[in-house]
Structure formats: structure tokens, C-alpha cells
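This note sets out a few points to follow with the structure in view. Please keep the model open while reading.

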Amino acid sequence: MDKSVLRSADLSQAVWTKSKRSGNGANDQCVEVTKLYVDGAHVGMGMRDSTDPDGPVLYFWNAEYRAFQQGIANGQESLLAP
């Protein structure tokens, strides 16, 4: 699917959150996520590096994000490997 719809979401007022498990120490390297809304509808999720808030954002349709979460929950950590 064309992700230009997701990329059109206004991130200027986005509320970014990170896992409660990420901690708050010196090694606080984590990702943050936000819900993406287009015309008032929740259409997907955005993900970014918490140490680089002005850096690139990964865009997921809702179904893609659920599949990503399920893969991690099922032990597919290789999804995160470079």
C-alpha cells in the first residue's frame, strides 16, 4: 500500500511514548511510538529512535504494526537486527 497517506499525518502535535520497560538510565536507548491520524481517523503508527527525536520516522499501517508486535512477542528478535 502507498504510505504517502501515513506520511501526510501531522507529527507536530504527536504524543510519543516508549515502553515502561525501557528504563531511565544512561543506556536509555529505545524506540518511541505514536498513533497516526489522518482526517481524524487512526490509520497507523509511527516509530522513531528515542535518542534522535528529529530523525527519521518509520510508518506502519495498523495491521503492519500489529504483525510487527506479534513477531517480537513470538521471539522473532531478528526483526530488529540491521
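1. A strand is a DSSP run of E, at least two residues in length, and strands are numbered from the N terminus. The model under discussion is predicted.

2. The overall architecture comes next. The protein contains two helices and four strands, and along the sequence these elements follow the pattern α-β-β-β-β-α. Of its 82 residues, 32% count as buried. The accessible surface amounts to about 6000 Å², and carbon and sulfur atoms account for 51% of that surface. Among contacts with a separation of 6 or more, 27% are between residues 24 or more positions apart.

3. How are the four strands arranged in the sheet? They form an open sheet in the order β1-β2-β3-β4, with antiparallel pairing. The edge strands, β1 (17–18) and β4, each pair on one side only. Between β2 and β3, which run antiparallel, there are eight bridges. As one example, Val 31 has Asp 49 in β3 as its bridge partner. Helix α2 lies across β2, β3 and β4, and runs at about 100 degrees to β4.

4. Beyond its neighbours within four places in sequence, Gly 44 is in contact with Leu 6, Thr 34, Lys 35, Leu 36, Phe 60, Trp 61 and Asn 62. The C-alpha atoms of Gly 44 and Glu 64 are separated by 8.4 Å, with the two residues 20 apart along the chain.

5. Leaving aside neighbours within four places in sequence, the contacts of Leu 36 include Leu 6, Ala 9, Val 43, Gly 44 and Tyr 59.

6. The charged pairs remain. Side chains of opposite charge can pair when their charged atoms come close. In this protein the count comes to two salt bridges. One joins the side chains of Lys 3 and Glu 64, at 2.9 Å from N to O. This pair links distant parts of the chain, 61 residues apart: Lys 3 belongs to the segment before α1 (4–7), and Glu 64 to helix α2 (residues 62–73). Glu 64 counts as partly exposed because its relative accessibility is 33%.

7. In the other salt bridge, Glu 32 pairs with Arg 48, and the closest N and O atoms are 2.8 Å apart. These residues also lie in distant parts of the chain, 16 residues apart, with Glu 32 in strand β2 (residues 31–38) and Arg 48 in strand β3 (residues 41–49). Why does Glu 32 count as buried? Its relative accessibility is 12%, and the cut-off for buried is under 20%. Arg 48, at 14% relative accessibility, counts as buried.

Notes:
Residues are numbered from 1 along each chain as its sequence is written. This is a predicted model: local features need pLDDT of at least 70, side-chain atom pairs count only at pLDDT 80 or more; totals for chains, interfaces and linings use all residues. Side-chain values use heavy atoms; hydrogens and water are left out. A salt bridge is a side-chain nitrogen of Lys or Arg within 4 Å of a carboxyl oxygen of Asp or Glu. Buried means under 20% relative accessible area, exposed over 50%, partly exposed in between (1.4 Å probe, protein chains only). Contact means heavy atoms within 4.5 Å. Accessible areas come from the Shrake-Rupley method with a 1.4 Å probe; for residues, only the protein chains shown count as cover. Two strands pair if DSSP finds at least two bridges between them. Axes are lines fitted to C-alpha atoms, for helices over the stretch in contact, and angles run from 0 to 180 degrees between N-to-C directions.
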